[in-house]
Amino acid sequence: MTKWSNYYLKIMVKKHLDLHRRLLQMGVYNCQLFNNLGLCCFYAQQYDMTLSSFERALSLAVNDEEVADVWYNLGHVAVGTGDINLAHQCFKLALANNNNHAEAYNNLAVLEMRKGHHEQARGLLQTAAALALHMYEPHYNFAALSDKVMNMKKK
């Protein structure tokens, strides 16, 4: 990242944190707010607030889709901290709560690709593509997987 990109990212994260805190001051307490606040805290490197925000989001979730979104975002935090096993479990928990969460299928497939489980990754990517026709990521990742498998067969 360039110096200006880092500066812009810091400014935007700070603005988002300020907006979320203002909503909390106004008395808005819901799962989506704390879920987004958890991500903002993570990107602002306020790790102490990150997990507590996600815990609050889970406690305020009113349906399985909201619970799945919290676990999905926790998976991103786990990937960001380098804990791939935790990320794998978070994406699986997202799917356990919402079996139609195409983004979780896609990210779980990427983790399976990294482990060398190509057939599992292929199935997960096909499911993600079928669930969300608007997403390009499953198609891109499927192409990357196919290229990787083809290169392995050539050797």
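**View 1. Ring pairs link Phe42, Tyr43 and Tyr47 into a cluster.** Keep in mind that this is a predicted model. Start with Phe42 and Tyr43: their ring centres sit 5.3 Å apart and the planes meet at 65°, so this pair is edge-to-face, as planes over 60 degrees apart get that label. These two partners have quite separate surroundings. Phe42 has 9% relative accessibility, so Phe42 counts as buried. Tyr43, at 52% relative accessibility, counts as exposed, because the cut-off for that word is over 50%. Counting ring pairs by this rule gives four aromatic pairs.

**View 2. Asn35 sits buried in helix 2.** Helix 2 covers residues 31–43, and Asn35 is part of that run. Why does Asn35 count as buried? Its relative accessibility is 7%, and buried means under 20%. So who's around it? Skipping the neighbours within four places in sequence, Asn35 is in contact with Phe54, Ala57, Asp69, Val70 and Asn73.

**View 3. Helix 5 packs against helix 6.** Helix 5 spans residues 84–97 and helix 6 spans residues 102–115. Their axes are 9 Å apart, at an angle of about 145°, and the crossing is left-handed. On the helix 5 side, look for Ile84, Ala87, His88, Phe91, Lys92, Ala94 and Leu95. Helix 6 meets them with Ala104, Tyr105, Asn107, Leu108, Leu111, Glu112, Arg114 and Lys115. What kinds of residues make up this contact of helix 5 with helix 6? Nine are nonpolar, two are polar and four are charged.

Terms used. Residues are numbered from 1 along each chain as its sequence is written. This is a predicted model: local features need pLDDT of at least 70, side-chain atom pairs count only at pLDDT 80 or more; totals for chains, interfaces and linings use all residues. Side-chain values use heavy atoms; hydrogens and water are left out. Axes are lines fitted to C-alpha atoms, for helices over the stretch in contact, and angles run from 0 to 180 degrees between N-to-C directions. Helices (H or I, at least four residues) and strands (E, at least two) are DSSP runs, numbered from the N terminus. A crossing is left-handed if the near helix is turned anticlockwise from the far one by less than a right angle, and right-handed if clockwise. Contact means heavy atoms within 4.5 Å. Ala, Val, Leu, Ile, Met, Phe, Trp, Tyr, Cys and Pro count as nonpolar, Asp, Glu, Lys and Arg as charged, and the others, Gly among them, as polar. Buried means under 20% relative accessible area, exposed over 50%, partly exposed in between (1.4 Å probe, protein chains only). Rings of Phe, Tyr and Trp (its six-membered ring) pair if their centres lie within 6.5 Å; planes under 30 degrees apart count as stacked, over 60 as edge-to-face and the rest as tilted.
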